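Please consider the sequence and the model shown below. The paragraphs that follow lead through them part by part.

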Amino acid sequence: MSIVYDAAARTLTLHTRESSYQMQIGPLGHLLHTYYGRRAEGNFRSLHLLKDVGFSPVPHELDGETRGWSLDTLPQELSGANSGDFRLASLCAVTADGRRGAELRYVRHEIRRGKYALRGLPAAFDPDGEAETLSVILADEALGLEAELLYGVYESRDLITRAVRVTNRGSAPLRLEKAASCCLDLPFGDWDVLHFHGRHAMERQPERLPLPHGELRIASRRGESSHQHNPFLILCDRHTTEDAGDALGVMLVYSGSFELALEKDQMDAVRLTAGIQPEGFCWQLRPGESFDTPEALLCFGHEGLNALSQRFHRFLRQDLCRSRFSRAPRPVLLNNWEATYFDFDREKILALAREVKDLGADLLVLDDGWFGRRNDDRSSLGDWFVNEEKLRGGLAPLIRDVKAMGLQFGLWVEPEMVSEDSQLFRAHPDWALRLPGRQPMLSRSQLVLDLSRPDVYDWMFETLKGLLERYDIDYIKWDCNRSLTDLYSAALPAGRQGELAHRWVLGLYRVMERLTKAFPQVLFEGCAGGGGRFDAGILAYFPQIWCSDDTDPIERLTIQRGSCYGYPLSTVGAHVSASPNHQTGRHTPLDTRALVAMAGGFGYELDPGKLSEPEKQRIRRQIARFRELSELVREGDLFRLTELDDEKDYEAWQIVSPERDESLLSLVVTRPRANAKPLHLRLKGLDPAARYRIAEREIFDAFLPEGEWELPESWSGAALLYAGLTLPRMMGDYPSLRLHLKKTEE
Ligand code: GLA
């Protein structure tokens with residue numbers, strides 16, 4: 001059993017292979033959080049002294065006994081509000097007569113086999129039948145508030161999921177003002193936070209900071225998880241490196257406005273709350289009604305950041321993403337966006353298809369501009385019928401002709417949006433989010449559909465279903481090119497307007513759920529102006545997401561590195577685009593572009609008609625190489641070979657097969673130096689007792705001044721791990737290197 005109740009000690013302990021997590025029911029029923037860390041047996045209540053720190057309130061019943069028993073200082077499993085804990089609140093409700101807060105006490109618990117599910121929200125499932133669920137019911141009887149704390153324990157994955165189901169057990173309405181998915185108190189330790197910030201075309205830039213006293217909020221108020229912040233962070237010991245030390249990751253399975261809040265308090269204790277963005281949020285609960293929070297994924301490891309990332313990667317691939325493509329080969333695609341933008345017609349698309357077929361790719365994606373009267377980004381979102389002026393004869397013959405060449409066909413949609421200049425908007429102006437009496441904000445000249453409305457999300461489902469039934473489509477790129485503003489729904493009463501942002505996300509999930517179930521054979525790729533919604537909520541339905549609108553391979557090194565602290569390579573949409581790059585103007589070698597894009601779901605986004613024959617030849621070889629390597633990339637363990645704050649002139653990473661019989665080392669020189677120091681790397685993840693040989697050695701676009709690179713026939717794993725490899729000095733503009741190692745008996 002991975003969940004153990006000790007009735008005498010009143011402890012509930014969750015064990016995974018490498019970690020333990022414990023809570024204890026206090027003398028009055030408050031649920032204390034006593035431990036989360038490396039696996040250990042015991043009762044950890046004694047770690048927490050009943051020390052009177054001065055002016056921290058004590059429950060009335062205990063005042064005569066001790067002034068040290070305070071909710072303000074003891075670690076809580078789910079912090080309340082207005083009840084003597086002045087740190088971050090996790091749950092806060094208001095009664096009809098204005099009583100506001102939450103003081104939660106234990107009622108009962110239950111341990112079940114299997115994994116709990118959430119209503120209307122994506123959540124991890126239990127493909128191997130190993131998960132167990134702990135449900136702990138807490139209540140604030142005065143307010144008629146019940147909180148069911150849900151824990152899913154995946155022992156072999158070292159992962160714990162959490163969520164909260166809040167129920168109104170009173171006889172009058174309750175209003176929730178905050179409902180976090182989890183609260184984590186870490187009373188001891190010297191923690192850094194590693195989080196992922198950015199902007200459009202520069203998403204998920206990793207930043208590591210020591211936690212200061214006070215509060216730090218990693219959050220989005222944009223209605224989507226956003227380009228600017230990601231609903232994932234890592235807390236790690238000050239000394240933790242990629243390969244050693246304590247690290248604790250928290251990831252929300254949520255795609256809307258969120259908040260990961262951190263507080264370092266008067267005693268240097270750290271609290272983290274994670275969940276829906278509370279600003280502007282409220283939720284009405286009538287008597288008997290419940291509210292489910294999104295799920296949070298928690299993982300603790302003591303072997304550094306690489307091992308933590310690998311655990312999240314495996315979990316997301318195996319236990320969260322339900323798509324049959326999650327662990328299957330993906331087609332190599334060519335997307336016409338950077339090749340044509342809006343300027344295409346049937347002939348151009350067919351010419352691209354012919355080129356791409358000749359290069360050996362599998363799938364042609366028709367991006368934005370095929371519908372309504374869309375010739376730029378100012379019109380037609382919502383009018384999901386083909387623009388016959390552009391695509392003479394319509395979509396069906398185009399798809400037929402593409403398929404006749406032996407290619408699959410993919411289509412771009414942006415179903416959550418509407419242009420003012422569209423038939424849809426003219427017919428249903430009230431379907432867009434807007435405040436009565438005020439002109440709505442425009443972004444990319446478009447408005448957002450009100451997905452909290454059943455008539456709107458039903459329309460969206462039927463429209464997409466219609467497209468997928470009418471046309472022979474293998475792949476959908478689902479875009480979302482603006483944030484939510486003017487939050488007001490014509491269909492919600494005044495007291496429920498604070499529910500809109502979350503209801504919007506629920507409407508979106510509802511359509512994604514129905515559509516992916518109805519069309520399991522279609523490969524869906526998420527997108528939001530590039531990587532503006534790169535989160536586990538989307539990944540529960542779609543196996544891959546377009547990582548960024550920045551396709552410059554040197555920029556992508558950081559964007560993809562940041563993305564892969566939490567998300568597996570198999571989820572990262574990455575394409576080879578033209579040089580000079582359209583976003584940065586930088587020139588880079590074609591093979592370096594491909595090497596970087598191969599750390600993801602691989603494809604092209606350029607006009608092959610503009611390439612020379614030798615370049616086409618290289619692309620044919622790249623595609624063939626990707627096919628050979630794609631299973632390793634998809635299923636292997638990723639190791640970052642450099643530290644985040646290294647002063648380095650290159651980026652390097654390694655992928656090791658689960659059986660440790662194969663590994664791929666990739667390296668890109670980002671800054672060639674005069675008289676450069678030798679470039680030395682220690683490999684990771686190999687079996688020290690095995691022998692490895694280089695099955696393939698590829699050096700791209702490098703001038704090697706020192707001549708031949710002499711290497712032995714084979715090495716022991718130990719030699720590669722401990723002594724490492726010295727690489728040749730590579731000169732030139734962004735040269736790169738790829739070594740494919742295979743286990744050998746010699
Ligand atoms: C977004 C996407 C791009 C492309 C355009 C089309 O920006 O990220 O890849 O699809 O929209 O308008």
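**The barrel**

Eight strands, in the order β22-β23-β24-β27-β28-β29-β30-β31, close into a barrel with parallel pairing. Here two strands pair if DSSP finds at least two bridges between them; helices (H or I, at least four residues) and strands (E, at least two) are DSSP runs, numbered from the N terminus. The model is a predicted one, in which local features need pLDDT of at least 70 and side-chain atom pairs count only at pLDDT 80 or more, while totals for chains, interfaces and linings use all residues. Residues are numbered from 1 along each chain as its sequence is written, and side-chain values use heavy atoms, with hydrogens and water left out.

Axes are lines fitted to C-alpha atoms, for helices over the stretch in contact, and angles run from 0 to 180 degrees between N-to-C directions.

Helix α6 (residues 454-470) touches β24, β27 and β28 (523-526), and its direction makes about 145° with that of β27; contact means heavy atoms within 4.5 Å. Helix α7 (residues 500-518) touches β27 and β28, and its direction makes about 175° with that of β27.

**The ligand**

Which residues are closest to the ligand? Of the 13 residues that surround the ligand, the closest are Asp367, Asp368, Lys477, Gly530 and Asp549; a residue is counted if one of its heavy atoms lies within 4 Å of the molecule. The shell divides into four nonpolar, three polar and six charged residues. In this scheme Ala, Val, Leu, Ile, Met, Phe, Trp, Tyr, Cys and Pro count as nonpolar, Asp, Glu, Lys and Arg as charged, and the others, Gly among them, as polar.

A polar side-chain atom of Asp368 lies 2.6 Å from an oxygen atom of the ligand. For Lys477, an N or O atom of the side chain is 2.7 Å from a ligand oxygen atom, and a polar backbone atom of Gly530 is 2.8 Å from an oxygen atom of the ligand. Taken alone, the ligand exposes 310 Å², of which the protein buries 97%; accessible areas come from the Shrake-Rupley method with a 1.4 Å probe.

**The open sheet and a helix pair**

A second sheet is open: six strands follow the order β32-β33-β34-β39-β36-β37, with antiparallel pairing. Its edge strands, β32 (637-640) and β37 (714-716), each pair on one side only. Neighbouring strands of this sheet are turned by 25° against each other on average, direction ignored. Seven bridges join β34 (residues 662-669) to the antiparallel β39 (residues 736-744), where Ser663 stands opposite Leu741. Helix α9 (residues 553-563) packs on the sheet and touches β32, β33 (650-656) and β34, its direction making about 50° with that of β33.

Helices α3 (residues 346-359) and α11 (residues 613-635) pack at an angle of about 60°, with their axes 8 Å apart. From α3 the contact takes Glu355, Asp358 and Leu359, and from α11 Lys616, Ile619, Arg620 and Ile623.

**Two backbone details**

Most residues other than glycine have a negative phi, and most peptide bonds are trans. A cis peptide bond, with omega about 5°, joins Ser579 and Pro580, and Pro580 lies in the loop between β30 (572-577) and α10 (590-597). Ala201 has a positive phi, near 65°, and lies in the loop between β12 (191-199) and β13 (202-210).

Methods: A polar contact is a pair of N or O atoms within 3.5 Å; within protein, one must be able to donate a hydrogen and the other to accept it, and residues adjacent in sequence count only if both atoms are side-chain atoms.
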